[in-house]
Amino acid sequence: MNAPLLARDIMVTQLVTLSPEMDVYDAIGLLLRHRISGAPVLDDDRTYLGVFSEKCCMGVLVEAAYDGLPSTRVGEFMQCDSIAIDEETDLLTIAQIFQRSGNRRLAVLRDGKLVGQISRRDVLRATHELLAPRPNREAALLYLSGIISREEAPIA
């Protein structure tokens with residue numbers, strides 16, 4: 001096998017992004033129009049602040065029902081503690097993060113600035129392409145087990 005695939009090799013760079021000042025109704029419309037389940041939230045300098053997802057949209061609905069929706073800004077509903085990775089994160093580590101978290105996407109950052117995003121589907125696509133030319137896929141999967149032992153896993 002070649003060098004491990006890294007986040008920079010599989011990340012998507014053409015993204016729909018939102019601002020924290022954006023109205024939630026407009027943000028929901030963008031998610032629906034682009035058929036995506038969430039989008040990164042950036043400030044004016046492209047610094048990553050968090051993600052606004054379908055789950056955040058449910059928070060909008062609940063807040064509106066119970067508290068009369070005190071704010072309609074994306075920044076009030078975005079998930080600020082979402083996991084972000086850097087461009088050098090390897091495919092196996094990315095898969096482990098997805099396996100152990102409820103995240104559907106990971107922001108890829110360089111010096112705190114968004115440079116891309118990786119979804120679960122991007123990991124599946126990269127893995128599928130990695131294994132496609134191999135006549136003996138079972139051996140290729142066994143190779144992955146030889147890369148790193150569970151005790152050395154970057155994510156416990």
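Reader: Why is Glu 21 called exposed?

Author: Its relative accessible area is 55%. Exposed means over 50%, buried means under 20%, and partly exposed lies in between (1.4 Å probe, protein chains only). So Glu 21 counts as exposed. This is a predicted model, in which local features need pLDDT of at least 70 and side-chain atom pairs count only at pLDDT 80 or more, while totals for chains, interfaces and linings use all residues. Residues are numbered from 1 along each chain as its sequence is written, and side-chain values use heavy atoms, with hydrogens and water left out.

Reader: How do you know that Arg 73 forms a salt bridge with Glu 21?

Author: The closest N and O atoms of Arg 73 and Glu 21 are 2.9 Å apart. A salt bridge needs a side-chain nitrogen of Lys or Arg within 4 Å of a carboxyl oxygen of Asp or Glu. The pair passes. Arg 73 itself is partly exposed, because its relative accessible area is 28%.

Reader: Where do the two partners of the salt bridge between Arg 73 and Glu 21 lie?

Author: First the pair again: Arg 73 and Glu 21 meet at 2.9 Å. The pair links distant parts of the chain, 52 residues apart. Arg 73 is in the loop between α3 (54-67) and β3 (84-86), and Glu 21 is in the loop between α1 (7-10) and α2. Helices (H or I, at least four residues) and strands (E, at least two) are DSSP runs, numbered from the N terminus.

Reader: What makes Arg 110 and Glu 87 a salt bridge?

Author: Their closest N and O atoms are 2.7 Å apart. Arg 110 sits in strand β4 and Glu 87 in the loop between β3 and α4 (91-100), so the bridge ties together parts that are 23 residues apart in sequence. Accessibility differs by partner. Arg 110 is partly exposed, at 44%. Glu 87 is buried, since its relative accessible area is 14%.

Reader: How many salt bridges does a search of the whole structure find?

Author: It finds 7. Another one of them joins the side chains of Arg 8 and Asp 9, at 3.6 Å from N to O. Arg 8 has 42% relative accessibility, so it counts as partly exposed. Asp 9 is partly exposed too, at 41%.

Reader: Why is Arg 105 said to have no salt bridge?

Author: The nearest side chain of opposite charge, Glu 54, is 6.0 Å away. Lys and Arg count as positive here, Asp and Glu as negative, while His and the chain ends are not counted.

Reader: What does the side chain of Arg 105 make a polar contact with?

Author: With the side chain of Ser 37, at 2.5 Å. A polar contact is a pair of N or O atoms within 3.5 Å; within protein, one must be able to donate a hydrogen and the other to accept it, and residues adjacent in sequence count only if both atoms are side-chain atoms. Arg 105 also touches other residues, including Gly 38, Val 51, Ser 53 and Phe 98. Touching means heavy atoms within 4.5 Å.

Reader: Why is Ser 53 called buried?

Author: Its relative accessible area is 7%, so it counts as buried. Ser 53 belongs to strand β2 (residues 48-53). Leaving out residues up to four places away in sequence, it touches Leu 31, Ser 37, Gly 38 and Arg 105.

Reader: How do you know that the length of helix α5 agrees with its residue count?

Author: At 1.5 Å a residue, its 12 residues (120-131) should span 16 Å, and the end C-alpha atoms are 17 Å apart, which agrees. The expected span is 1.5 Å times one less than the number of residues.

Reader: Which residues of α5 are buried?

Author: Asp 122, Val 123, Ala 126 and Leu 131. They cover an arc of only 160° around the axis, so they share one side of α5. The arc is taken from the directions from the helix axis to the C-beta atoms. Arg 121, Leu 124, His 128 and Glu 129 are exposed on the other side.

Reader: What is the phi of Asp 111?

Author: Near 55°, again positive in a residue other than glycine. Asp 111 is in the loop between β4 and β5 (113-119). Its relative accessible area is 76%, so it is exposed.
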